[in-house]
Structure formats: structure tokens, C-alpha cells
Amino acid sequence: MRQAWEQGAFPDVSEAELNEILPRINGQSTRAGIARDSLAVGEDLQAIMQAYGWRDPGTVLRHGKQLAFRSGAAQRLTRKMWGEE
């Protein structure tokens, strides 16, 4: 991540912020993030499990549980309330 930052991949992130973030990044957080991102773009649960070595579908779904708010009825209502639709 530092190498990507040094090459300009995160122009809005200061070096101090990067140094705060880096210790919190690990293999599990990266794996959880890819599960969330895959679910967000509509990838099939079985395909996600196979591609990234997940054994328990419940674990993958737990990582993606916040996506339900972003794409469900609550999010549509929030957008209407704030005039974003």
C-alpha cells in the first residue's frame, strides 16, 4: 500500500494518514474487503467463495451485511429524504 501511495494512487491521503492506516491493514481485512466489493458488484456467492477460498457462506455474507443498507429500502428512503433521487 505504501508503494501504491508513493506512486500517487491515493492523492487525498497524507503521509500521516497513511501511517495511521497501515498498521490496521492485514490479510484478513483485505480478504473481507474483497468479499464486500465482490458482493457489491453482484458477484455470485459461490463464485466468491471459490475464488477466495471461503468455506462458510455465512462468513462472506457477514462481511457484506452493510451493503444491504446501501442498496436496500433504507438507502432509497434516505436518498428521497435528502433529495438525492
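## Secondary structure

Helices, as the term is used here, are DSSP runs of H or I with at least four residues, numbered from the N terminus. On this basis Ile25 is placed in the loop between H2 and helix H3 (27-40). The model is a predicted one.

The chain holds seven helices and zero strands. Read from the N terminus, its elements follow the order α-α-α-α-α-α-α.

## Burial and contacts of the chain

The chain has 85 residues, of which 16% are buried. Its accessible surface amounts to about 6,500 Å², and carbon and sulfur atoms account for 52% of that area.

Of the contacts between residues at least 6 apart in sequence, 23% link residues at least 24 apart.

## The salt bridge between Arg2 and Glu15

The count of salt bridges in the model is one. The partners are Arg2 and Glu15, whose side chains meet at 3.7 Å, N to O. Arg2 belongs to helix H1 (residues 2-6) and Glu15 to helix H2 (residues 15-21), so the pair ties together parts that are 13 residues apart in sequence.

Both partners can also be described by their accessibility. Glu15 has a relative accessibility of 44% and therefore counts as partly exposed. Arg2, with a relative accessibility of 27%, is likewise classed as partly exposed.

## Ala4 in helix H1

Ala4 is located in helix H1. Its relative accessibility is 27%, so Ala4 counts as partly exposed. When neighbours within four places in sequence are left aside, Ala4 is in contact with Ala9 and Phe10.

## The nonpolar surface patch

Phe10, a contact of Ala4, is also a member of a nonpolar patch on the surface, together with Met1 and Ile25. The three residues have about 240 Å² of accessible area together.

Ile25 lies in the loop between H2 and helix H3. The relative accessibility of Ile25 is 36%, a value that classes this residue as partly exposed. Patch members need over 30% relative accessible area, and Ile25, at 36%, is above that cut-off.

## Aromatic rings

Zero aromatic pairs are found in a search of the whole structure.

Note on methods. Residues are numbered from 1 along each chain as its sequence is written. This is a predicted model: local features need pLDDT of at least 70, side-chain atom pairs count only at pLDDT 80 or more; totals for chains, interfaces and linings use all residues. Side-chain values use heavy atoms; hydrogens and water are left out. A salt bridge is a side-chain nitrogen of Lys or Arg within 4 Å of a carboxyl oxygen of Asp or Glu. Helices (H or I, at least four residues) and strands (E, at least two) are DSSP runs, numbered from the N terminus. Buried means under 20% relative accessible area, exposed over 50%, partly exposed in between (1.4 Å probe, protein chains only). Patches are made of residues with over 30% relative accessible area and no salt bridge: like charges are joined within 9 Å, nonpolar side chains (Val, Leu, Ile, Met, Phe, Trp, Tyr) within 5 Å. Accessible areas come from the Shrake-Rupley method with a 1.4 Å probe; for residues, only the protein chains shown count as cover. Rings of Phe, Tyr and Trp (its six-membered ring) pair if their centres lie within 6.5 Å; planes under 30 degrees apart count as stacked, over 60 as edge-to-face and the rest as tilted. Contact means heavy atoms within 4.5 Å.
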